[in-house]
Amino acid sequence: ATIHRHDPADMRVTSSATMPREVPGALAFAGGALYAASGPRVIVKRMLDARLTPLERFDDARPQTVGMAYDGLYLWTVDSKTGKLHRRVLDAELTVAKTYDYPGRKAVALAFDGKRLWSLDAANKELLRHDLADPRRILLRWPLRDYPSGAWNPVGLAFDGRRFFTAAVLREGAASEGRVFVHALPDEVVAAIQKP
């Protein structure tokens, strides 16, 4: 597997790091490191160097992690198989401090906007903004208009402070194709993010 770093202006790949023994399924920057959920049942903490050198490996106490986001204090993970959101402490075990039922249909990725947690719901093709105190409470739903045909399946989510980026796959038989969609924030979403 390979992780690519993109220039947000034009999505050009600026660097790549290959991980021959891992298949990362979720990524999050947290505490000056990159955390990568990797099958089967492992989360790897990596340095932010050119090779993304591994620092620690954690057995995933809540396996099937498909999404991760860091809120400045906790590492949030989501397990789409069980439909659970987990709030984790950045300790030696990535301890799950609290678990919540996911309020959507199928979470596949998470992001943090500086104030709130967002999830990408693949079943409804929408972004959900969650209350951090109780992420079962949805503060905003934003349908993603780039997915009307249903051909593309969203699998990843990132936020750069102005836009959301979703990664998607198109599967036809044994072949698959990947794509990144850029979602400019509509005025109502900008207003929601700017609210205290």
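**Close-up views of a predicted model**

**View A. Here we look into the largest nonpolar core, which has 22 residues.** Among these residues, Trp 118, Leu 120, Leu 127, Leu 157, Phe 164, Leu 185 and Val 189 touch the most other members. Strand 11 (107-112), strand 12 (117-121), strand 14 (138-143), strand 15 (153-159), strand 16 (163-172) and helix 1 (187-194) each give two or more residues to this core. In soluble globular proteins, nonpolar side chains tend to be buried together. Please keep in mind that the model is predicted.

**View B. Now we meet Asp 131 and Arg 137, whose side chains form a salt bridge.** Their N to O distance is 2.8 Å. Asp 131 has 15% relative accessibility and so counts as buried, while Arg 137, at 48%, counts as partly exposed.

**View C. The next pair to find is Asp 134 and Arg 136, also joined by a salt bridge.** The closest N and O atoms of this pair are 2.8 Å apart. Asp 134 is partly exposed, with a relative accessible area of 25%, and Arg 136 is partly exposed too, with 46%.

**View D. Finally, we turn to a network in which salt bridges that share partners join Asp 7, Asp 10 and Arg 12.** Within this group, the side chains of Asp 10 and Arg 12 meet at 3.6 Å, N to O. Asp 10 is partly exposed at 46% relative accessibility, and Arg 12 is partly exposed at 45%. The salt bridges in the model come to eleven, including the one between Asp 10 and Arg 12.

Note on methods:
Residues numbered from 1 in each chain as written. Predicted model: local features only at pLDDT ≥ 70, side-chain atom pairs only at ≥ 80, totals over all residues. Heavy atoms only, no water. Core = buried A, V, L, I, M, F, W, Y, C linked by side-chain atoms within 4.5 Å. Buried < 20%, exposed > 50% of the residue type's maximum accessible area, 1.4 Å probe, protein only. Helix = DSSP H or I, 4+ residues; strand = E, 2+ residues; numbered from the N terminus. Salt bridge = Lys/Arg side-chain N within 4 Å of Asp/Glu carboxyl O.
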